Amino acid sequence: MEFVDLDVESFYRVLAPRPTIIVTTVNPEGEVNAAPFSFTMPVSVNPPLIAVASVPRHHTYQNLEKTREMVVNIPSVDILKELWVTGEKFPQGVNEIEKAGLTAMDSDTVKPPWIKECLAHMECEIEFTRECGDHQLVVGRVKKVGVREDALKDGLLNAEEMKPILHLGGEDFIVGDHRKIVPK
Ligand SMILES: Cc1cc2nc3c(=O)[nH]c(=O)nc-3n(C[C@H](O)[C@H](O)[C@H](O)COP(=O)(O)O)c2cc1C
């Protein structure tokens, strides 16, 4: 098999499919924002830290830079259409949770709400942000995690039944419903 060179700026297209999240934030007026992100990863277990990379002009980034909180919500394929709506461009202050017909739930430790239709959510305080090329790296400290009772199996996400969404690029997604265990 021959290998071809890929434009280096497209490297992330082969670092795929990527777990896809919906980040909820509020602006200083308390108005709610929600948007999907797939540049995300865990970066520390103790303390529990999660990273998201956001284009600086996104309302998500502008909100969390000021209010220093976010909630990371884990969607399933059941709300793929709604997730797509949260990714549309709306004016600052528009609540994408409402626009998508999703349900906002009060968080315990932060102001941004979590999304009821998602499988899990992590309430986070922003630890730091750092310019990283054309994105801003956002690292949040997880203060509280809520998981749907039926979303876990043996302590792991029951992906086969819950069908998390993984982003390939653009409008293309993979449904993560196939489990493989390392052969002995
Ligand atoms: C599946 C998906 C993944 C995305 N991932 C990212 C990402 O990781 N970083 C980013 O800056 N924008 C990402 N976007 C784009 C933003 O979600 C989109 O521009 C959104 O309108 C930003 O909303 P906001 O201005 O309300 O924050 C993604 C969009 C989709 C649909």
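For this tour, Ala, Val, Leu, Ile, Met, Phe, Trp, Tyr, Cys and Pro count as nonpolar, Asp, Glu, Lys and Arg as charged, and the others, Gly among them, as polar. You're looking at a predicted model, where local features need pLDDT of at least 70, side-chain atom pairs count only at pLDDT 80 or more, and totals for chains, interfaces and linings use all residues. Residues are numbered from 1 along each chain as its sequence is written, and side-chain values use heavy atoms, with hydrogens and water left out.

Start with the whole protein as a cartoon.

The shell has 21 residues, and the closest are Pro36, Phe39, Val55, His59 and Thr60. Color them by type and you get 8 nonpolar, 10 polar and 3 charged. Strand E3 (32–37), strand E5 (49–54) and helix H1 (59–67) each supply at least two shell residues; E3 gives the most, with 4.

Zoom in on the polar contacts (pairs of N or O atoms within 3.5 Å; within protein, one must be able to donate a hydrogen and the other to accept it, and residues adjacent in sequence count only if both atoms are side-chain atoms):

- Ser38: a backbone N or O atom is 3.0 Å from a ligand nitrogen.
- Phe39: a backbone N or O atom is 2.8 Å from a ligand oxygen.
- His58: a side-chain N or O atom is 3.1 Å from a ligand nitrogen.

Most residues other than glycine have a negative phi, and most peptide bonds are trans. Select Ala16 and Pro17: the peptide bond between them is cis, with omega near 0°, and Pro17 sits in the segment before strand E1 (18–19). Another cis bond joins Asn46 and Pro47, with omega about 5°; Pro47 is in the loop between strand E4 (40–44) and E5. Finish at Arg68, in the loop between H1 and strand E6 (69–74), where phi is positive, near 60°.

Key: Near = heavy atom within 4 Å.
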